[in-house]
Amino acid sequence: MRLTNTLQNYRRDWLGADLTAGLIVAILITPQAIAYAMLAGMPPQAGLYAALLPVIVYALLGTSPVLAVGPVAIISLMTFEALQPLASPGSSEYMALAAGLALLTGLWLLLFFLIDLGRWTNFISHSVISAFTSAAAILIVLSQIRHVTGLPIPSDGPLWQPIQTLLSASDQLRPDVLLLFALALLLLLSWQKGMPRLTRRLPQWLASLLNKAAPLVLVIAGIAAVSGLALPVKVVGELPAGLPVLQLPWLTWPQWQSLLPSAAVIALIGYLESLAVAQSLADRRGPKLHSNQELLALGGANLVAAFSQAFPVAGGFGRSVVNHAAGAKTQLASIITALLVAIICLYAARLFMNLPNAVLAVIIVVAVWPLIRFAEGWQAWRYQKSDGLVWLMTFAGVLLGGAESGILLGMLLSLVLFLKRTSEPHIAEIGRVGNSDHFRNIRRHQVGTSPTVLMIRIDENLYFANSHFLQETIANSLQQRPDVQHVVLVGSAINHIDYIGLETLQHLLQDLRERGVQLHLAEFKGLVMDRLQRTDLLPQLAPGRIFFTASEALRELGQC
């Protein structure tokens with residue numbers, strides 16, 4: 001464990017790049033933080049608070065020089081889903097619950113750090129994460145319909161509530177809100193597409209600044225429209241000036257208990273998403289990314305988010321990409337971002353008073369739209385139906401049952417399909433290729449075999465779920481080859497044999513002897529043999545033998 005990583009051995013010539021990146025990300029994160037606070041059901045200042053101390057703590061503990069930690073869309077949605085059944089969004093009780101959720105999320109991450117969970121970063125399949133992200137992005141888009149249309153759509157209704165209300169109350173649509181949303185969307189998309197062409201000849205730092213300034217320009221334009229034209233649309237309202245007051249969230253024991261499962265899921269998803277972003281942007285020449293250290297850094301960031309009246313945080317993909325593209329060399333860029341956000345909290349909070357909710361909805365929709373990736377589900381289905389099924393069921397589970405239910409459904413289905421797949425592993429009868437020492441499946445290649453030797457290779461670990469399948473496969477093969485006198489079990493693909501697998505080998509040995517057939521082992525790995533030598537199997541195997549290679553076994557047993 002290290003207290004610092006990317007700030008060690010700092011070079012003076014990096015300062016300019018870090019200053020530029022910090023400024024650009026501050027421009028991006030300010031409207032995003034307010035928007036994501038709205039998405040989480042929190043007051044606007046909570047989003048800014050989430051972009052202060054958590055950013056600094058990650059900068060001191062994290063191992064990625066470019067990962068931008070703070071409020072993110074997916075975690076904001078999960079926060080809202082966890083809290084809206086417990087309290088009214090925006091209320092003091094709701095804010096206390098959000099801080100408590102951040103505290104528990106941080107504690108879960110620290111627990112994961114202590115048990116070294118960072119080594120097990122792939123225990124949730126990519127199909128589950130991809131489907132969850134796509135479904136959550138759709139839920140986020142649907143949640144913004146009330147801000148786009150001006151319709152009184154309940155925030156805690158079912159999935160189809162926004163669409164149903166939109167169709168049934170179309171006569172109540174607010175044309176001014178719709179027009180504001182459309183113009184804001186057009187401005188944002190046009191800026192993102194056209195500005196890079198206009199800034200090609202400018203200095204790189206200035207081009208990066210202008211290319212990423214679209215959200216800030218959109219915010220200024222929205223405030224100017226409301227202030228100048230007195231548009232009767234919903235706005236953010238006045239933000240309290242000043243920095244957050246550090247305090248511990250006080251909740252009852254039943255409230256802590258109700259938050260515990262949601263915090264665990266948020267911690268897991270936030271970590272996996274943050275790690276995926278950090279890995280995708282990792283520079284081979286830069287500091288090495290330490291997955292377990294990231295748990296400590298994100299845990300610390302969430303703990304200080306809890307004490308600063310914020311909500312759970314994670315690494316954001318969009319801001320991290322911007323940070324990387326702007327040339328950030330170290331986490332000093334993030335510290336600069338946090339300092340600029342602090343200045344905004346102190347002196348510029350009132351400037352956002354007339355910021356329309358419709359403009360924030362545009363920022364949210366444009367940010368999460370690329371996360372809807374149906375193509376990944378289709379590719380998973382085409383490659384392997386089981387992966388496609390996991391994607392589809394996780395996607396449906398998140399849409400219909402919420403984030404936690406969908407993720408748990410996907411994980412459970414992945415486990416069931418894994419057990420099913422490994423319970424019927426690929427087992428091949430093999431033979432020699434020509435006069436070589438190579439052995440291949442007799443159904444796929446022209447190979448040489450012996451009528452008295454059956455050579456079986458199991459391409460999986462031998463454990464409780466597939467032991468019976470191995471016995472059945474060998475029994476079926478012996479029925480088709482009555483002249484077999486020797487069965488050679490080739491263990492080149494076996495890395496582990498559990499206790500049930502050991503019992504299976506003992507039963508197989510006994511069954512074969514009753515048939516007048518001798519069992520032999522070949523190409524078993526040293527680690528597996530070390531375990532088998534602690535048992536009675538090897539003495540019972542005699543006169544069966546243990547061969548170093550399959551070629552040796554076939555040569556001596558079959559004289560082929």
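A348 sits in helix α15, where helices (H or I, at least four residues) and strands (E, at least two) are DSSP runs numbered from the N terminus. The model is a predicted one, so to speak of local features takes a pLDDT of at least 70, side-chain atom pairs count only at pLDDT 80 or more, and totals for chains, interfaces and linings use all residues. Residues are numbered from 1 along each chain as its sequence is written, and side-chain values use heavy atoms, with hydrogens and water left out. With a relative accessible area of 16%, A348 is buried; buried here means under 20% relative accessible area, exposed over 50% and partly exposed in between, with a 1.4 Å probe and protein chains only. A348 and A241 are 107 residues apart in sequence, yet their C-alpha atoms are 7.7 Å apart in space.

Zooming out, the protein has 24 helices and eight strands, and its C-alpha trace spans about 95 × 60 × 55 Å along the principal axes. Of the 560 residues, 54% are buried. Take contacts (heavy atoms within 4.5 Å) between residues at least 6 apart in sequence: 81% of them join residues at least 24 apart.

Next come the cores, where a nonpolar core is a set of buried Ala, Val, Leu, Ile, Met, Phe, Trp, Tyr and Cys residues joined through side-chain atoms within 4.5 Å. The largest has 137 residues, and M78 and F132 have the most contacts inside it. Leaving out neighbours within four places in sequence, M78 touches F132, V265, I266, I269 and A403. Another core, of 28 residues, lies apart from that one and includes L505, L509, V517 and L521.

Grid points are joined across faces, edges and corners, and a volume is the space filled by probe spheres set on the points. The largest pocket holds about 1,300 Å³. Its lining runs to 46 residues, of which V277, G316, F317, G318 and L371 are the closest to the centre. Helix α12 (residues 253-280) gives the largest share of that lining, with nine residues. By class, the pocket lining splits into 27 nonpolar, 15 polar and four charged residues; Ala, Val, Leu, Ile, Met, Phe, Trp, Tyr, Cys and Pro count as nonpolar, Asp, Glu, Lys and Arg as charged, and the others, Gly among them, as polar.

Searching the whole structure turns up three cavities of 30 Å³ or more. The largest cavity comes to about 60 Å³, and its lining consists of V25, I29, V55, A68, V69, R319, N323, S334 and T337. At least two lining residues come from each of α1 (15-39), β1 (68-70), α14 (317-325) and α15 (332-348). The second largest cavity has about 40 Å³, with I266, Y271 and N302 among its lining residues. Helix α12 again shows up here, giving the largest share of the lining with five residues. The classes for this second lining are seven nonpolar, four polar and no charged.

V55 also belongs to helix α3 (residues 53-61), where P54, V55, V57, Y58, A59 and L61 are buried. The cover over these buried residues includes α2 (44-49), β1, α13 and α15.

Then there is the sheet, an open, mixed one of six strands in the order β4-β3-β5-β6-β7-β8, with two strands counted as paired if DSSP finds at least two bridges between them. The edges are β4 (439-441) and β8 (546-547), each pairing on one side only. Strand β3 (residues 427-432) is largely enclosed by the rest of the structure, because six of its six residues are buried. That burial covers both faces, with I427, E429 and G431 on one side and A428, I430 and R432 on the other. Three bridges tie β3 to β5 (residues 453-458) in antiparallel fashion, with E429 partnered by I456. Another antiparallel set of three bridges joins β3 to β4, where G431 has R440 as its bridge partner. β3 and β4 make a hairpin with six residues between them, and G434 in the turn has a positive phi of about 60°. Further along, β7 (residues 518-522) and β8 run parallel, joined by two bridges, and L521 stands opposite I546.

Notes:
On a 1 Å grid over the protein atoms alone, a cavity is a set of points where a 1.4 Å probe fits but cannot get out, and a pocket is an open set with protein on both sides within 12 Å along at least five of seven lines; lining residues have an atom within 4 Å of a point.
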